[in-house]
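Work through the exercises below with the sequence and the model at hand. Each task is followed by a solution in steps.

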Amino acid sequence: MKLALELAKKGLGSVEPNPAVGCIIIKNNKIIGTGFHKKFGSAHAEINALKSCKKSPAGATMYITLEPCCHLGKTPPCTNAIIKAGIKKVVAAVGDPTGKVGGKGFKILKKAGIEVETGICQKEAEKLNAPFFKFAKTKKQWVIVKWAQSKDGFLARTDGKRWLSNSASRKDVQKIRKKTQAILVGINTVIEDNPKLTVRPDNGRQPLRVVLGSKSKWPKNCYLSKTAKKWPVCVFNGRNLNDVLIKLGKKTIQQVLVEGGQKVITSFLKQNLADEIIVYTSNEKLGSKGKVKSSQIMMKNYNRLKKNYSSKKSFGKDIRLTGLRTNHQ
Ligand code: AOF
Ligand code: ZN
């Protein structure tokens, strides 16, 4: 199952809002097939594993990180394929929490005489697809709050240079954008940074761009208006954040990346709406070249993150800390 989880991870960043799933097929104590869900809309892990089998999978045991689906979605039900292949036993890490599967996959397999075992590495499997599980269970999305700051806590600079973090850090942000279905900023970010809020290079699946505040304040010819026809921008004016998230949830937006600036990030933190916090800190002290400091609650969260992070990674001289909000309480 651990191997299946490792395989599943390869799909992160390409499968969302589907879960990342991995599958291993074992016969006579040997791995005869492996597979994972590679891309949203493409074949599921089980199908890829069955296709990869070097020997007939009849009589084999299938290890899978999620309950096999039994519905006709973008792809046919995996349960059919498993039964047809003559799999003898299915070991699943965790049940599929969505209404369309939710235990029915296991039932169908059992009815067909397949032995089913669940709960193996369940915690790891739930952690791997935390946004998928949260959204299926609560209809509330996974909120990632991300910011970049200088060593002395500034969020912007006055010296005319555009960036705080280096290009490797900014490339990493693209990876985070890739797995989200929406990127959210406040109006001040549109005015001051003229952001694109896109995944680059364009892989044909852009997150919805969400701006809080009035469109009348957008600078003329800003990137957002120039590209709004091609990639939509959703504008929320005068709503509370919870309302915004509910509205986005209705569009099946499962993960939202909040990219700032100070006011918006502070509101998300104050209202306890963040699930995950990601902070990039550069090695540079800006001093008098600094503009807009991280707010008190941002600094508080950053200081907690320093002591209790789930991952720490260097990008050149920048450091990225990632942590779950629940870790901090
Ligand atoms: C599986 N194996 O590898 C994945 C599953 O539209 P579809 O056909 O791609 O179905 C997507 C749903 O299937 C998704 O919401 C989740 O419930 C399940 N994902 N199931 O058996 C897989 N990725
Ligand atoms: Zn499936």
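A residue counts as near a molecule if its C-beta atom, placed from the backbone, lies within 6 Å of it. The model is predicted: local features need pLDDT of at least 70, side-chain atom pairs count only at pLDDT 80 or more, and totals for chains, interfaces and linings use all residues. Residues are numbered from 1 along each chain as its sequence is written, while chains are lettered from A and ligands numbered from 1 in the order in which they are written.

**Exercise 1.** Determine how many residues surround ligand 1 and how they divide by type.

Step 1. The shell holds 17 residues, and Val-21, His-37, His-44, Gly-73 and Lys-74 are the closest.
Step 2. For the types, Ala, Val, Leu, Ile, Met, Phe, Trp, Tyr, Cys and Pro count as nonpolar, Asp, Glu, Lys and Arg as charged, and the others, Gly among them, as polar.
Step 3. The shell then divides into eight nonpolar, six polar and three charged residues.

**Exercise 2.** Describe the open sheet of five strands: its order, its edges and its twist.

Step 1. Strands (E, at least two residues) and helices (H or I, at least four) are DSSP runs, numbered from the N terminus; two strands pair if DSSP finds at least two bridges between them.
Step 2. The order is S2-S1-S3-S4-S5, with mixed pairing.
Step 3. S2 and S5 (115-118) each have a single partner strand, so one side of each is left without a neighbour in the sheet.
Step 4. From one strand to the next the twist averages 15°, with axes fitted as lines to C-alpha atoms (for helices over the stretch in contact) and angles running from 0 to 180 degrees between N-to-C directions.

**Exercise 3.** Characterise the pairing of S1 with S2.

Step 1. S1 (residues 22-27) and S2 (residues 30-36) pair in the antiparallel sense over six bridges.
Step 2. Ile-24 stands opposite Thr-34 in S2.
Step 3. The hairpin of S1 and S2 has two residues between the strands, and Asn-28 takes a positive phi near 50°.

**Exercise 4.** Classify the packing of H2 against H3.

Step 1. H2 (residues 45-52) and H3 (residues 78-85) pack at about 25°, with their axes 9 Å apart.
Step 2. The contact (C-beta atoms, placed from the backbone, within 7 Å) is made by Glu-46, Ile-47 and Leu-50 of H2 and Cys-78, Ala-81, Ile-82 and Ala-85 of H3.
Step 3. These residues divide into six nonpolar, no polar and one charged.

Conventions:
Two residues are in contact if their C-beta atoms, placed from the backbone, lie within 7 Å.
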